[in-house]
Amino acid sequence: MRRAFVCCSLLASLLGPAVARAQEPDAGAAPPSADEVIDAIDGDEDPGPGGDEDGPIGEAGDEAGDEAGDEAGDEAGDEAGDEAGDEAGEARDDEGSAPGEGVAPIAAPAAPAPLAAAEIGRRIEETFREIQEVTPRLHRTREMLSVRRRLPGFIENVTLLAEDPALDRLEDLHPAALQDQEQEWSRVRSRLTRWQEQLEARSASLAEERGHVQAARRLWQITLEAPRPEPLPESQRSRIESLLHRIDVVLRRIDLRLEEVLALQGELSDQGIRVARQLSRIEAAQANARARRQRRDHRPLWRGWSPLEDEDEADPSIADIAGEHASSLSTFVTTEKKPITWHLAFSAGLLALFGLLRLRTRSRLAPRQPPSAHRALRASPLAGAAVLALILAPIVYPYVPVIAVGVSLVAMIPAIHRLGRHVLPTAHRPILALLVLAGLSVPLSLGVVPEVLRRFYALLVLLASLACAIALWAPRWRAPIARADRATQRLYGLLRLVALPLAVATYLLLSGYTERAELWTTGTLWATEQALGLFLAVELLIALVRYGLRRPWARFFYTVRSRRLRVAGYLVSGLRWVAAGCFVYLALKSFDLIDPTLEVSKTIFRRTFTFGSIELSFGDVLAFLAMLFGTFLVMRLVHVLLEYEILPRFELEQGISSAISLSVSYVLVAIGVVLAFGVAGVGPERLALLGGALGVGIGFGLQNVVSNFVSGLILVAERPIKVGDIIEVGGDLVGTVKRIGIRSSTVRSLDGAEVIVPNSDLISGQLVNWTLSDAKRRLELVVGVGYAHEPAEVMRLLQRVVRAQHGVLNDPPPDVICTAFGDSAIEYTLRAWTAGYLEAIAIKSALAARVYGALEEAGFEIPFPQQDLHLKTVSEEARAALQGEPGEAEPASSPDA
């Protein structure tokens, strides 16, 4: 029903005006179109000729008309607005369309139960409010108006492209022209796909709104017609009928708006078929061109090097090929005006930035200064801006004609040469020759070299390029290259490898594979120049990054302030990885390997392997690993931003920032694992089964691991310890908590050793936290003073000493107490509080020295333990010596006795 109605409406809207004009050639005005009927039902009218598709006036009229019609028809209780909105739809109602029809209703659930009379009043108000909320969403969206306004021009553009004479001789076109044709039609298809997605989302939204409104109508219709013991009061019936009338109006508007969207989708679908047909022909021609490139088209050089007999001699003229490239360039400039404008503005900004950098660094350039990107920026800001702007051209624009790429490569040669003198070592002369040869290969790649000279021209460029590549292996360049940095050495290693594909191209050309040899030659030279451009661009960006991180404004970031070198290292690594990825893409594009690589990748990734009831594919495994790797990168980035950039800006307690960052890391890891399994094709049911199996495995063999993991969660949630706390574990380990991990925590002992403690030991074992609530610590010092001194006087002295000690807190106040009567002295205990655990040891030592000096100065004795020795059995000589009888002791002590 819906499809038939949509098709009939589409045909009527397209053919109606034409039939009317054919029947009434002298009529002053055409019959109303489908858009005018919709605008009339909405309560708006087009402001003048052209309607919605005449430009900004029609679009403004649509928006103003929608707002005016909706405001006039949505007034609460305004029957006049409803009647005015219904008059435009009477023609359809008289033809037999019931309220709410026009598009086949969505399958509805079982009929709802009728409402009780007591709740009708409240539910009428709720339903009316819901209808009022639906009505503003029925306007034509900005995307829909844009599609309606641009669709005629789009259809005209597709028609002009389809009438291109080059499409009639696709098999004879040069590969570069085929690539341009593919890019043209791919650009059209991307715009068409974007519009289709917007309209599809709009139609889905309208269908959902229609389902809700239709369900409300069904409920109130059943409530009105349901048999009741007592009939509804006339006032309630009148209100229900009025509400149904309003619902019918809204349903009619939804149906017409949905019909309009579906009609636009149908027109886009017709154009999509045309575009797909042409792209299919172009792709087939490209496949034939690639297959032809694999065949020998000339005899080998040693057999005459003449064309083969079966070669097609009807080659296009140079003028035709040049015209096709000029047409592609003109189309590119016309369709990409806005990106080109932004690109030029970006280039001007780069030039201004480099010029300002040159003015701020006025240091004289020494002639023997080592090569560096800073020197290049100061020496030639124009060349630096040109290289950065031109190397980004094939990446910024999604569809670039081959001639634009060739022009950018030729324009980049002098900029690379000027920068290379300041960045590369003295071995840049062979590189300059390769750049010039890359520029000379552009006409060969575009196919504008006459057929008579093409093979000799290709051979000349190829042999010269091979000689320059081999020259990089000469011993005279080894010393300058060896003195360069590692990145420059890698670049020269890549440039030395250029000789291999050039040697292959030489063999192919001499053997008669002319087209394949040309592809290898141009692809190698273009990739070489792009590699040099990317290297110089990355070096310039690295110089800018390092210069910017040293500026005062960069110290606004806590991360830069505390870890500037590490941040610079991460940025440099990221830039080089991005450059490597761009080089791979550009190299594949230079060798015309993008489409074959994608096809091979799809074939490999879609290949499945069955292991019993389990099916795996390379794509699923790669997606799983990529998601896990991406989760790890995001987790690390968020962790660094939270811990070093965001949380330090808030006044948080010690350890809270680490707990927050760790908790966020746990959440990100959990989300990443779930998403990784989902990308790999593991649904919730399989994931639950996997979780059950993992639980069984944990119960048998991974109890300690899970125990430590759960203990880590408890440490984060309950926070009995925090990073930076001083703890005592097991009675023999005292240290500072450095890290709380998933499985274990790191404690740095007072001796400097880092001890890895399982989290379960911190939860289940005895743990002393010296800094849980505060870092204060009480120290005690025991002092013994002789019995001859008055205790009160001693205590006053000690009290003065302990209060004067630096580092002792006044709150709580220190005190001195008499604790015991010892064998030799009266013992006094000094008690004082310090601000930190680690400072207490040094303060106690200083306090002991101060107490000793104060007691000595005051003349107080610090006695030591004394004992009497009673000798019961001793020799006569020893007794005589102890009693002081030297006469008797001397003979015993004489060695001559």
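**Close-up 1. Asp592 in its loop.** Asp592 sits in the loop between α23 (564-590) and α24 (594-606); helices here are DSSP runs of H or I with at least four residues, strands are E runs of at least two, and both are numbered from the N terminus. This is a predicted model, where local features need pLDDT of at least 70 and side-chain atom pairs count only at pLDDT 80 or more, while totals for chains, interfaces and linings use all residues. Residues are numbered from 1 along each chain as its sequence is written, and side-chain values use heavy atoms, with hydrogens and water left out. Asp592 isn't a glycine, yet its phi is positive, about 55 degrees. With 23% relative accessibility, Asp592 counts as partly exposed (buried is under 20% relative accessible area, exposed is over 50%, partly exposed is in between, with a 1.4 Å probe and protein chains only).

**Close-up 2. A cis peptide bond at Pro812.** Here Asp811 and Pro812 are joined by a cis peptide bond, with omega at about 0 degrees. Look for Pro812 in the loop between α30 (791-804) and β9 (815-821).

**Close-up 3. A nonpolar patch on the surface.** Seven names to find here: Phe611, Leu616, Val621, Leu625, Leu628, Val669 and Val673 form this patch, and together they have about 540 Å² of accessible area. Accessible areas come from the Shrake-Rupley method with a 1.4 Å probe, and for residues only the protein chains shown count as cover. Patch residues have over 30% relative accessible area and no salt bridge; nonpolar side chains (Val, Leu, Ile, Met, Phe, Trp, Tyr) are joined within 5 Å, like charges within 9 Å. Helices α25 (618-646) and α26 (656-679) each supply at least two of the patch residues, and the largest share, 3 residues, comes from α25. Val621 lies in α25 and is partly exposed, at 39% relative accessible area.

**Close-up 4. Arg137 meets Glu209.** These two side chains form a salt bridge, 2.7 Å from N to O (the rule: a side-chain nitrogen of Lys or Arg within 4 Å of a carboxyl oxygen of Asp or Glu). The pair links distant parts of the chain, 72 residues apart: Arg137 is in the loop between α6 (120-134) and α7 (142-162), and Glu209 is in helix α8 (residues 175-225). Arg137 is partly exposed at 41%, whereas Glu209 is buried at 10%.

**Close-up 5. Arg140 and Glu260.** The side chains of Arg140 and Glu260 meet in a salt bridge at 2.9 Å, N to O. Arg140 lies in the loop between α6 and α7 and Glu260 in helix α9 (residues 234-293), so the pair ties together parts 120 residues apart in sequence. Both Arg140 and Glu260 are buried.

**Close-up 6. Arg210 and Asp255.** This salt bridge spans 2.6 Å, N to O. Arg210 belongs to helix α8 and Asp255 to helix α9, so parts 45 residues apart in sequence are tied together. Arg210 is buried, with a relative accessible area of 1%, and Asp255 is buried at 1% too.

**Close-up 7. Where to read with care.** The chain averages a pLDDT of 78, and 80% of the residues score at least 70; pLDDT is the predictor's confidence in each residue, from 0 to 100. Over residues 1-106 pLDDT stays under 50, and the model has 122 contacts there beyond four places in sequence (contact means heavy atoms within 4.5 Å). Residues 887-897 also stay under 50, with 3 such contacts.
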